[in-house]
Amino acid sequence: MERFVETLIDGIATGSIYGALALALVLIYRSTGIVNFAQGELAMFSTFIAWGLVEAGIPLGLAILLTLAVSLVGGMVIERVLIRPVEGGQELTLVTVTLGLFILVNGLARWIWGSTNRGFPSLFPDGSANLVGIGVAWESLGLVAVLLGVVGVLWLVFQHTTLGLAMRAAAVDPAASRLVGIPVGRMLMLGWGFAAVCGALAGVLVAPRLFLDPNLMGPVIIYSFAAATLGGFDSPFGAVLGGWIIGVAEALAGGYVDFIGQDLKILVPLGVILAVLLIRPQGLFGSPEVARA
Amino acid sequence: MSRTRIAWIVLLVLAILLPFFFSSYRVTQFTLVLAYAVAALGLNLLLGYSGQISLGHGAFFALGAYVTAILVAKSGWPHLATIPVAAAICAAAGFAVGIPALRLHGLYLALVTLGLAVATPQLIKRFDGLTGGTQGLAAPSPSVPGFLDFLADDQWLYLLNLAILVPMFVLAAGLVRGRVGRALVTVRDNPIAAKTFGVDLAAYKTRAFAVSAAYAGVAGSMFTITVGFVAPESFGFALSFSFLAAVVVGGLATVAGAIFGALFIEFVPVYAADVNEALAAVIYGGVLILFMYVLPTGVVGLARRVRLRPKQEGERDAVVVDRGVAGGGAGERVRAQ
């Protein structure tokens, strides 16, 4: 029983990271209708920036804040320069451009920092807190807290500020938004910027658990795709919940189903993606796609 | 005889003469180009003609490669006899993937097939009893037959692969030019019109997946024949990405494009590695994005446009043909300027 609870908590902690990256995917999908295959690689690149700052002697907290700021600007620039020219284009074009970005960013990181494993310091203290008789690592609590904090901030921005309203309007009806004077282009840039920030957070959170190298986010992004698909590609809350469900499912499958074990754990998110898309393509909380025949 | 046909025959003659003018190392690289060309052609049948995205063709390539390797190494089959088996197994696998693909489109299909690509090395490792796991599996390349003993090993393998490639290309060219090709393009560009004409959408889409996977499988067999060894690292998702790059660079919905694309994905990493191993990835990524902006119809599309330049009317025709493939976004805007 104790092992079960530990597995569960571990799953939720890992799931929080998947949730953060899934949130990034959702932010971009909502604003520009693109599934950004490069999201994980952008997060990896951000994490390397944070690592470089820490190496340069800047305290970890400040380094992460600086990284988030750089990521915000970076995400906006990428939207403006690389994505804008193909926005609203065919799906194949969009997939190819974001895949190209994936390969490009991964290559750049390998070029700049090489392929060696590096350690990344953790934001959270070692040891564990005692919650009703069960030891829960501070790290797990911290991961969940950060994710909830991010969701809270995003919710406040989107639901309770003029900027958030403008961003939502620009995503839903760009033409009408332009008519009422919303700078739609800038809103889309901001969407990509916010997404890059969420991704960067996921990166600096996951890096201490793994090793920092250019392929850091390879497995994580697959789980995040599964989380976003499960929760619904246009639902932020769905992304978070999806992340937790995927995290727990992964932990349980890896620990309890012998056939799957550690080697085939990757099949869990893939199975989830396929099952969700076939049974309920809009996910748990997404809005169904309506097509005119 | 049409000009295109003459061009193809000249190309074939050059291809046959090629191994006698290059070093053995280069010839082996060209042999791999042949295998990649068949895989890119298969992916192009799916992507360019039927309009379905697959980021997972490396999986079918791996399946074909392992079918050949296992039959040769464990059952002692002759290499060439394994090719139809690889094609049939991959066609069945492609058909199986094609069925759920009917309900998915665009981005979602890309996601699911990406999953296929990611899972491939893991699956190979998991079934190590059959595949040899991370150790890999050796299936020595066929040796030069007695009556051709004037050929070196690498030249023989090159010509053998060329002999496999030619019928695959002839078959594909016939397929896309005829009734099936027209039906596929209509399914891609206007499903409702296709249905009205009595084209069974589901049948055409799943069969396109099956044929495309069979091509990738044959390409995998060619890979095993050439390299003589298979291991899971050869079939990571980067392989699937490079097939996509080959199709985009060569030109969507073209048969000849597969050759340009295969040359690109074989030789860019070779030359880029002289500067830095990671440079190849940077170039790949950059070229993929760049092609979507400025050359959405690939090298062959560019050649067509250049050839048709004097005929204004003809050029417009070419644009219409290309539009469905390249995407309204990038292609359209480039031409509008």
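A residue counts as buried when its relative accessible area is under 20%, as exposed when that figure is over 50%, and as partly exposed in between. A:Glu139, with a relative accessible area of 21%, is therefore partly exposed. That cut-off comes up again below, and everything described here comes from a predicted model.

To start with the overall build of chain A, there are 11 helices and two strands. Going along the sequence, the order is α-α-α-α-β-β-α-α-α-α-α-α-α. The C-alpha trace of chain A spans about 60 × 50 × 35 Å along its principal axes. The radius of gyration of chain A is 19 Å, which agrees with the value near 19 Å for a compact globule of 293 residues. Of the 293 residues in chain A, 55% are buried. As for contacts in chain A between residues at least 6 apart in sequence, 74% of them join residues at least 24 apart.

Strand 1 (residues 128-131) and strand 2 (residues 134-137) of chain A pair up in the antiparallel sense, over four bridges.

Next come the charged side chains. Side chains of opposite charge can pair when their charged atoms come close. Over all chains, the whole structure holds five salt bridges. A:Arg84 takes part in a salt bridge with A:Glu79, at 2.9 Å from N to O, and in another with A:Glu87, at 3.8 Å. A:Arg84 itself is partly exposed, because its relative accessibility is 21%. A:Glu79, by contrast, has a relative accessible area of 0% and so is buried, and A:Glu87 is buried as well, at 15%.

Back to A:Glu139, whose side chain meets that of A:Arg209 in a salt bridge of 3.5 Å, N to O. A:Arg209 lies in the loop between helix 8 (184-206) and helix 9 (218-231) of chain A, while A:Glu139 is in helix 5 (residues 138-160), so this pair ties together parts that are 70 residues apart in sequence. A:Arg209 is partly exposed too, given its relative accessibility of 29%. A:Asp10 joins A:Glu139 and A:Arg209 in a network of salt bridges.

Elsewhere in chain A, helix 6 (residues 162-172) contains A:Ala171. This alanine has a relative accessible area of 27%, which means that A:Ala171 is partly exposed. Setting aside neighbours within four places in sequence, A:Ala171 is in contact with A:Arg30 and A:Ser31. A:Asn106 is another matter: 65 residues separate A:Ala171 from A:Asn106 in sequence, and their C-alpha atoms are 29 Å apart in space.

A nonpolar patch on the surface is formed by B:Ile9, B:Val13, B:Leu17, B:Phe20, B:Phe21 and B:Phe22, with about 590 Å² of accessible area together. B:Val13, one of these patch residues, belongs to helix 1 (residues 3-17) of chain B and is partly exposed because its relative accessibility is 43%. Further along, B:Ala253 has a positive phi of about 55° although it is not a glycine. B:Ala253 sits in the loop between helix 11 (237-250) and helix 12 (257-275) of chain B, and at 15% relative accessibility B:Ala253 is buried.

How values were computed: Residues numbered from 1 in each chain as written. Chains lettered and ligands numbered in written order. Predicted model: local features only at pLDDT ≥ 70, side-chain atom pairs only at ≥ 80, totals over all residues. Heavy atoms only, no water. Patch = residues over 30% accessible without salt bridge, like charges linked within 9 Å, V, L, I, M, F, W, Y side chains within 5 Å. Areas by Shrake-Rupley, 256 points an atom, 1.4 Å probe, with all protein chains shown as cover. Salt bridge = Lys/Arg side-chain N within 4 Å of Asp/Glu carboxyl O. Buried < 20%, exposed > 50% of the residue type's maximum accessible area, 1.4 Å probe, protein only. Contact = heavy atoms within 4.5 Å. Rg over C-alpha atoms; globule rule 2.2 N^0.38 Å. Pairing = 2+ DSSP bridges.
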